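Take a look at the chain below.

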Amino acid sequence: MTGIIIFICTTLCGFLCGKFIQKGVLQRQQLFSDVVRYVALLKINVQGKQKELKQFNAEFAQNCSQVFADYLSESKLPQMNALQKKLVADFFGNLDCVSGNELLQHMEMFETQFSDCLKDCDAEAKKSSVYVKTGLLLGAMAGILFL
């Protein structure tokens with residue numbers, strides 16, 4: 001009886017670890033998808049509407065994913081690699097350019113990098129269900145070892 005309970009617990013733990021990793025992958029995809037949209041809309045704002053950045057951020061946060069809204073309000077990022085974190089931090093850290101032309105150049109430079117990151121995240125998100133299945137399988141294998 002205890003063997004069955006151990007098997008179920010290890011399988012469940014493997015499943016939950018896989019779901020945790022899958023959630024991180026999907027959050028990264030949502031973040032970069034929103035960052036690409038943010039840059040495009042900010043370019044339009046700089047060229048035409050010229051709203052204040054705080055007002056623009058507040059309006060954008062209402063229509064984006066919770067992950068990106070948390071970053072805009074609290075600077076809280078999901079689990080990412082160091083290069084992705086540095087890229088996002090560099091972009092948002094340098095939004096206080098002196099002129100509109102400098103800001104547009106800054107945004108165009110980062111827009112291509114964000115698009116590349118989004119492509120990578122999209123490809124990884126398509127395969128994210130594998131993490132759950134692998135976690136389930138590894139948990140079942142560990143459960144069999146403990147029997």
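Helix axes are lines fitted to C-alpha atoms over the stretch in contact, and the angle between two axes runs from 0 to 180 degrees between N-to-C directions. Two packed helices are described by this angle and by the distance between the axes. The model shown here is predicted.

## Helices α4 and α5

Start with α4 and α5. Their axes lie 11 Å apart, and the packing angle is about 150°. Angles over 145 degrees count as roughly antiparallel, so α4 is roughly antiparallel to α5. The crossing of α4 past α5 is left-handed.

Which residues of α4 meet α5? They are Q84, L87, V88, D90 and F91. On the α5 side, the partners are H106, M107, F110, Q113, F114, C117 and C121.

## Helices α3 and α4

Helix α3 covers residues 66-74. It packs against α4 at an angle of about 50°, with the two axes 12 Å apart. That makes α3 and α4 oblique to each other. Their crossing is right-handed.

The α3 side of this meeting is formed by F68, Y71 and L72. The α4 side is formed by V88, A89 and F92. V88 also takes part in the meeting of α4 with α5.

## Aromatic pairs

How many aromatic pairs does the structure hold? There are 9. One of them joins F60 and F68: the ring centres are 5.6 Å apart and the planes stand at 85°, so this pair is edge-to-face. The cut-off behind that label is a plane angle over 60 degrees.

Are F60 and F68 buried or exposed? F60 has 5% relative accessibility, so F60 counts as buried. F68 has 0% relative accessibility and is buried too. The limit for buried is under 20%.

## Salt bridges

Side chains of opposite charge can pair when their charged atoms come close. The structure has 4 salt bridges. One of them joins E124 and R28, with N and O 3.3 Å apart. This pair links distant parts of the chain. E124 sits in helix α5 (residues 100-126), R28 sits in helix α1 (residues 2-49), and 96 residues separate them. E124 is partly exposed, at 27% relative accessible area. R28 is buried, at 12%.

R37 pairs with D34, and their closest N and O atoms are 4.0 Å apart. Both residues lie in α1, 3 residues apart, about one turn of the helix. R37 is partly exposed at 37% relative accessibility, whereas D34 is buried at 6%.

D90 and K86 form a salt bridge as well, with the closest N and O atoms 2.8 Å apart. Why are they about one helical turn apart? They are 4 residues apart in helix α4 (residues 82-93), so about one turn separates them. D90 counts as partly exposed, at 29% relative accessibility. D90 is also among the α4 residues that meet α5.

Find N57 in helix α2, which spans residues 53-62. N57 is buried, with 18% relative accessibility. Beyond its neighbours within four places in sequence, N57 is in contact with Y38 and L72. L72 is one of the α3 residues that meet α4.

Next comes L41, in helix α1. L41 is partly exposed, with a relative accessible area of 39%. Not counting residues up to four places away in sequence, L41 touches F56 and F60. F60 is the residue whose ring pairs with that of F68.

Last, look at A142 in helix α6 (residues 129-146). A142 counts as partly exposed, at 25% relative accessibility. A142 and T10 are 132 residues apart in sequence. In space, their C-alpha atoms are 6.5 Å apart.

Definitions and conventions: Residues are numbered from 1 along each chain as its sequence is written. This is a predicted model: local features need pLDDT of at least 70, side-chain atom pairs count only at pLDDT 80 or more; totals for chains, interfaces and linings use all residues. Side-chain values use heavy atoms; hydrogens and water are left out. Rings of Phe, Tyr and Trp (its six-membered ring) pair if their centres lie within 6.5 Å; planes under 30 degrees apart count as stacked, over 60 as edge-to-face and the rest as tilted. Buried means under 20% relative accessible area, exposed over 50%, partly exposed in between (1.4 Å probe, protein chains only). A salt bridge is a side-chain nitrogen of Lys or Arg within 4 Å of a carboxyl oxygen of Asp or Glu. Helices (H or I, at least four residues) and strands (E, at least two) are DSSP runs, numbered from the N terminus. Angles under 35 degrees count as roughly parallel, over 145 as roughly antiparallel, 65 to 115 as roughly perpendicular and the rest as oblique. A crossing is left-handed if the near helix is turned anticlockwise from the far one by less than a right angle, and right-handed if clockwise. Contact means heavy atoms within 4.5 Å.
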